[in-house]
Amino acid sequence: MKIGVLALQGDFREHIQAAKASGHAALTVRRPEELSEVDALILPGGESTTIAQLAKTFDLIAPIRKRIAEGMPVYGSCAGMILLADRIVDGAAGQETFGGIDMTVRRNAFGRQVDSFESDLTFNQELLRAVFIRAPWVEEVSQKVEILADVQGSDGKGHPVAVRQGSLLATSFHPELTGDLRVHRYFFDQVCAGAIK
Amino acid sequence: MSEAVGTARVKRGMAEMLKGGVIMDVVNAEQAKIAQDAGACAVMALERVPADIRAQGGVARMSDPDMIEKIKAAVTIPVMAKARIGHFVEARILESLGVDYIDESEVLTPADYENHIEKWDFKVPFVCGATNLGEALRRINEGAAMIRSKGEAGTGDVSNAMMHMRKIGGEIRRLSSMREDELYVAAKELQAPFALVKEVAETGKLPVVLFTAGGIATPADAALMMQMGADGVFIGSGIFKSGDPATRAAACVKATTFFEDAKVLADVSRGLGDAMVGINVADLPAPHRLAERGW
């Protein structure tokens, strides 16, 4: 498979390494022409406002929405989760997303950087170490969305931090920072394999 | 569930999220909003930009917490703030305010001319300046989770940033070419811990994200630094000391992403109005060179 990684800002290099380490071709996507060459897309961690701003300026929002509507598999981590949400709370005024997952995501839900943390969690029945950096959580989802992992917030309640709707996958945490390829492999082997003929 | 905050991975990981982005100096909430709307990946909250610190002289200190709070309230992107070199109490105050990153900065007047802050002890991550590899590794050894080349802040003259990026890059390449038994002497010469020297020699890069700072005033300057291997750029006085800050800020953000595309760089360089006036670093008398602060 040809995996594209949206390379406008953020830790796209780490996602490219994860795709290559999983045995796939990986290329950066900064323009609509580059998007049309890829089978699946990863939206990296970074600043969601910056990425959305650049996506708008360089005419990527409509083409990405179109590919999502056509069923292209997309995985977003952290900022990428925000960009896949149909609705966001605590965003910057007028902040746009690509959307696709019928959920509301709260930005910086776990707090500021001093509250950033790492924690063990169960994802797809496997225990893994997850790194949360100024991370969002999923505030509410429709019945179309499958919850793959959750974590307890400072409010004492459990909040979804990994979700899937069809060919779209999103996590609040950053598997690309740990060298653990299991979340990427889940995306390539379970999500993409079913969606790409 | 074993939860841990303030780990090296979480601190260094925060800097990974800033990569490919522009961090802009702002002195009030209005400027912070302009920076965020232009696509800045973070803002540095301070009372005076380096060009004004230079012009006005006197002792430069941590900013007023009220001013930092106002900027935090105005934007959703990360907010950084500066503490004086070695001033661990200013750093504790900034940590308690919940700033996302502390810059232990030579732009402020140093509080300690021998020691830097012991940074491992904090939950908040630190970025520190460096003019060469040894200095970068000493800061990382003290707990810095991000390095920026120093350049010469507040000048609009990119030549020192260039010199520091070349120096750091050149020293890394030199280590990569060495036999392992030569790294002991290299560590001695760099005045840096052997373990970090060995890690750099093996990986061919710093163990933390490397931004560049000091004297960047145009989109072309930002792209130049990215082509020199910077992971991202800090722009201090260059934006809000220029004729049209909003346009210049957006142009620098685009140039940092499309740093290898001369056509995009040409497009974003058009019609930016006046750049900051600037000072040639060579004309600065030695005591006024900020890059020489830090040891």
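Which does B:Lys72 count as, buried or exposed, and at what relative accessibility?

Analyst: B:Lys72 counts as buried because its relative accessibility is 14%; buried means under 20% relative accessible area, exposed over 50%, and partly exposed in between, with a 1.4 Å probe and protein chains only. This is a predicted model, in which local features need pLDDT of at least 70 and side-chain atom pairs count only at pLDDT 80 or more, while totals for chains, interfaces and linings use all residues. Residues are numbered from 1 along each chain as its sequence is written, chains are lettered from A and ligands numbered from 1 in the order in which they are written, and side-chain values use heavy atoms, with hydrogens and water left out.

B:Lys72 belongs to helix H4 (residues 65-74) of chain B; helices (H or I, at least four residues) and strands (E, at least two) are DSSP runs, numbered from the N terminus. Leaving aside residues up to four places away in sequence, B:Lys72 touches B:Val79, B:Leu97 and B:Gly98, and also A:Arg112; contact means heavy atoms within 4.5 Å.

B:Lys72 also has a charged partner. Its side chain meets that of B:Glu69 in a salt bridge of 3.5 Å, N to O; the term stands for a side-chain nitrogen of Lys or Arg within 4 Å of a carboxyl oxygen of Asp or Glu. Side chains of opposite charge can pair when their charged atoms come close. B:Glu69 and B:Lys72 are 3 residues apart in helix H4 of chain B, about one turn of the helix. At 35% relative accessibility, B:Glu69 counts as partly exposed.

By this rule there are 41 salt bridges over all chains. One of them joins B:Lys198 to B:Glu202 at 3.2 Å, N to O. These two residues lie 4 residues apart in helix H9 (residues 194-203) of chain B, about one turn of the helix. B:Lys198 counts as partly exposed at 24% relative accessibility, and B:Glu202 as exposed at 58%. In chain A, salt bridges that share partners link A:Arg87, A:Asp102, A:Glu140 and A:Lys144 into one network. A:Lys66 and A:Glu70 form a salt bridge as well, at 3.2 Å, N to O, and both residues are exposed.

A charge can also sit over a ring. The charged end of B:Arg92 is placed this way over B:Phe122, 3.7 Å from the ring centre; the rule asks for NZ of Lys or CZ of Arg within 6 Å of the ring centre and within 35 degrees of the ring normal.

Next come the rings themselves. The whole structure holds 13 aromatic pairs over all chains, where rings of Phe, Tyr and Trp (its six-membered ring) pair if their centres lie within 6.5 Å, with planes under 30 degrees apart counted as stacked, over 60 as edge-to-face and the rest as tilted. Among them is the tilted pair of A:Phe58 and B:Phe258, 4.2 Å centre to centre with 35° between the planes. This pair crosses between chains, from the loop between helix H3 (48-57) and helix H4 (61-69) of chain A to the loop between helix H12 (245-257) and helix H13 (262-269) of chain B. A:Phe58 and B:Phe258 are buried.

Within chain A, the planes of A:Phe123 and A:Tyr186 stand at 85° and their centres 5.3 Å apart, so this pair is edge-to-face. The pair links distant parts of the chain, 63 residues apart: A:Phe123 is in strand S7 (residues 117-123) and A:Tyr186 in helix H6 (residues 182-195) of chain A. A:Phe123 counts as buried at 3% relative accessibility, as does A:Tyr186 at 7%.

Strands S11 (residues 158-165) and S12 (residues 168-171) of chain A are antiparallel and joined by 4 bridges.

Note on methods. Two strands pair if DSSP finds at least two bridges between them.
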